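Hi,

Here is the structure I promised to pass on. Have a look first, and then read my notes below.

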Amino acid sequence: MKKRTRALALLLAVLFVVLLACSAAYIAVNATHDHIGEHCPICQQIAACRQLLELCALGVAAATLTVFIATVARDRVVCVRSVRTGHTLVSLKVKLSD
């Protein structure tokens, strides 16, 4: 199951990159097109591509922030646990035979 999950994650990452590349390429190719009127379909498509790129950038930023916060919180919890658990003779299982 782990290989399948890894393959699916890789496929989604590749599709994400292709989607971003195609959107950016469409904007670059059609940036200087001839307008046919107020409701130009190419302008509407460019606006949709720009919105997609902005939403993807926002999603990547949110995911990065979430991972950063989770990492900091995990490290802080580990640090607090190590400070709270004082080492006693019982916790170290020291035999006190005299």
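Let's start with Asn30, which sits in the loop between α1 (2–29) and α2 (41–84). Helices here are DSSP runs of H or I with at least four residues, strands are runs of E with at least two, and both are numbered from the N terminus. Asn30 is buried, with a relative accessible area of 17%; buried means under 20%, exposed over 50%, and partly exposed in between, using a 1.4 Å probe and protein chains only. Leaving aside residues up to four places away in sequence, Asn30 touches Ile42 and Ile46 (a contact means heavy atoms within 4.5 Å).

Before I go on: this is a predicted model, where local features need pLDDT of at least 70 and side-chain atom pairs count only at pLDDT 80 or more, while totals for chains, interfaces and linings use all residues. Residues are numbered from 1 along each chain as its sequence is written, and side-chain values use heavy atoms, with hydrogens and water left out.

As for the whole protein, the secondary structure comes to two helices and zero strands. Buried residues account for 8% of the 98 residues. The protein exposes about 8700 Å², and carbon and sulfur atoms supply 68% of that (areas are from the Shrake-Rupley method with a 1.4 Å probe; for residues, only the protein chains shown count as cover).

Ser23 is another one to click on. This serine lies in helix α1 and counts as buried at 5% relative accessibility. Ser23 touches Cys49, Leu52 and Leu53, again not counting residues up to four places away in sequence.

What about the cysteines? A search of the whole structure finds zero disulfides, a disulfide being a pair of cysteine sulfur atoms within 2.5 Å. Cys22 is in no disulfide, and the nearest cysteine sulfur, that of Cys49, is 9.2 Å away. Cys22 is partly exposed, with a relative accessible area of 49%, whereas Cys56 counts as buried at 12%.

Cheers
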